Amino acid sequence: MSLDGISVALSAGIGYALGSLAFGYWVAKANGVDIFAVGSRSPGATNVKRSVGRGAGNLVFILDFLKGLAAAGWPLIAYSKSPSLEYYALIGLFGGIIGHSFSVFTRFRGGKGVATMLGGVLALMPWAALVGVAVWLIVFYSTRYVSLSSILMAVSLPVSNWLLASAQALVWISGLMAIVIVYRHKSNIGRLIR
């Protein structure tokens with residue numbers, strides 16, 4: 001494997017720019033709500049749904065999902081003839097998650113990256129994504145905790161990739177994404193423990 005520096009920088013930079021698109025903040029603001037001042041103070045789809053309404057929350061989820069899909073998907077198209085295309089796509093997705101979590105449009109505040117991660121994961125590792133969605137649904141309908149469902153979905157990804165004998169890059173990057181998602185949920189974890 002040989003990675004081209006310009007391609008790495010483009011994948012990361014465009015991924016970050018796409019991830020930074022602050023749909024949760026903008027949709028809430030269009031409805032007269034400062035999403036950083038209500039509920040969990042997160043611009044993610046769950047807080048938008050609770051604070052603004054179901055339609056707004058679902059719209060934010062779809063838009064955040066699509067930006068993750070785009071962040072991972074465009075390198076698969078642009079570098080389709082490169083033996084390293086999977087790596088560029090993974091770098092793009094990771095950049096997208098970081099952009100969503102630390103958006104340049106909201107003074108480096110952001111959501112937890114779950115919908116964005118899911119969009120990119122579907123493009124890169126569809127079987128692991130399906131397992132992750134199944135884990136989310138089972139945990140949510142058993143406990144009614146979105147945060148716990150999201151954490152366990154993220155943790156399931158590296159485990160699924162390892163069990164499916166996926167490429168090492170997929171195992172490691174999905175593990176790294178899981179760490180970011182768990183870290184972003186640290187306040188939720190404290191509340192769950194209490």
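**Figure 1. Helices α2 (23-30) and α4 (54-78) each bring at least two residues to the lining of the largest cavity.** Helices here are DSSP runs of H or I with at least four residues, numbered from the N terminus. The biggest share of this lining comes from α2, with 3 residues. This is a predicted model, where local features need pLDDT of at least 70, side-chain atom pairs count only at pLDDT 80 or more, and totals for chains, interfaces and linings use all residues. Residues are numbered from 1 along each chain as its sequence is written, and side-chain values use heavy atoms, with hydrogens and water left out.

**Figure 2. A look into the largest cavity, which holds about 50 Å³ of space.** The lining has 15 residues, and those closest to the cavity centre are L21, A22, P43, H100 and G110. A cavity is a set of points on a 1 Å grid over the protein atoms alone where a 1.4 Å probe fits but cannot get out, and lining residues have an atom within 4 Å of a point. With a threshold of 30 Å³ or more, the count is 1 cavity.

**Figure 3. K67 and D64 join their side chains in a salt bridge, at 3.3 Å from N to O.** The term covers a side-chain nitrogen of Lys or Arg within 4 Å of a carboxyl oxygen of Asp or Glu, and the whole structure has 1 such bridge. Both partners sit in helix α4, 3 residues apart, or about one turn of the helix. K67 and D64 are both buried, meaning under 20% relative accessible area with a 1.4 Å probe and protein chains only.

Technical notes: On a 1 Å grid over the protein atoms alone, a cavity is a set of points where a 1.4 Å probe fits but cannot get out, and a pocket is an open set with protein on both sides within 12 Å along at least five of seven lines; lining residues have an atom within 4 Å of a point. Grid points are joined across faces, edges and corners, and a volume is the space filled by probe spheres set on the points. Buried means under 20% relative accessible area, exposed over 50%, partly exposed in between (1.4 Å probe, protein chains only).
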